[in-house]
Amino acid sequence: MRKFTAIATAVALVVAPVAAFAEEEKGLPILRDTETEQLLRDYSRPILRAAGLERQNIQVVIINQNVFNAFVADGRRIFVNHGALLQSETPNQIIGVLAHETGHLAGGHLARMREQGRRT
């Protein structure tokens with residue numbers, strides 16, 4: 001049962017971002033706001049530097065979804081839902097979300113999970 005849970009979790013983590021990435025190609029509802037985008041760049045800059053990703057041109061993209069969520073779907077973008085920005089009570093909550101997603105990028109989690117999914 002434990003192995004099944006691990007495999008199901010890995011598959012879910014691979015499929016959800018891939019589905020979101022595929023949806024982006026069809027027109028994922030992206031919000032553009034210069035001031036907010038700059039603020040997110042300012043928040044993410046030291047995190048990306050600490051993770052060794054500052055030269056990777058990682059972008060933070062705001063998605064027009066009202067639920068609190070963020071994800072990475074490729075190795076170069078962090079997607080943050082508008083709902084996460086609205087529901088956060090402090091800047092540190094968003095900074096924590098950015099750090100969490102940066103950890104996925106730095107750890108190569110998506111590539112590793114996709115490889116595990118191919119082997120099962």
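Residues are numbered from 1 along each chain as its sequence is written. Because the model is predicted, local features need pLDDT of at least 70 and side-chain atom pairs count only at pLDDT 80 or more, while totals for chains, interfaces and linings use all residues; side-chain values use heavy atoms, with hydrogens and water left out.

**Strands**

Let's start with strand β2, residues 59-63. Helices (H or I, at least four residues) and strands (E, at least two) are DSSP runs, numbered from the N terminus. Four of the five residues in β2 are buried, where buried means under 20% relative accessible area, exposed over 50%, and partly exposed in between (1.4 Å probe, protein chains only). Two strands pair if DSSP finds at least two bridges between them. β2 has an antiparallel pairing with β1 (residues 30-31) over two bridges, and I30 sits opposite I63 there. With β4 (residues 77-81), β2 pairs in the parallel sense over five bridges, and V60 faces I78.

**The largest pocket**

A pocket here is an open set of points on a 1 Å grid over the protein atoms alone, where a 1.4 Å probe fits, with protein on both sides within 12 Å along at least five of seven lines; lining residues have an atom within 4 Å of a point. The largest pocket holds about 350 Å³ of space, the volume being the space filled by probe spheres set on the points, which are joined across faces, edges and corners. Its lining has 17 residues, and R41, N57, I58, Q59 and V60 lie nearest the centre. Helix α2 (34-50), β1 and β2 each supply at least two lining residues, with α2 giving the most, six.

**Salt bridges**

A salt bridge is a side-chain nitrogen of Lys or Arg within 4 Å of a carboxyl oxygen of Asp or Glu. By this rule there are five, including these:

| Pair | N to O distance |
|---|---|
| D42 and R45 | 3.3 Å |
| D74 and R76 | 3.8 Å |
| D74 and R77 | 2.7 Å |

D42 and R45 both lie in helix α2, three residues apart, about one turn of the helix. D42 is partly exposed at 35% relative accessible area, and R45 is partly exposed at 41%.

R77 belongs to strand β4 and is buried at 8%. D74 is buried too, at 10%, whereas R76 is partly exposed at 44%. Salt bridges that share partners join D74, R76 and R77 into one network.
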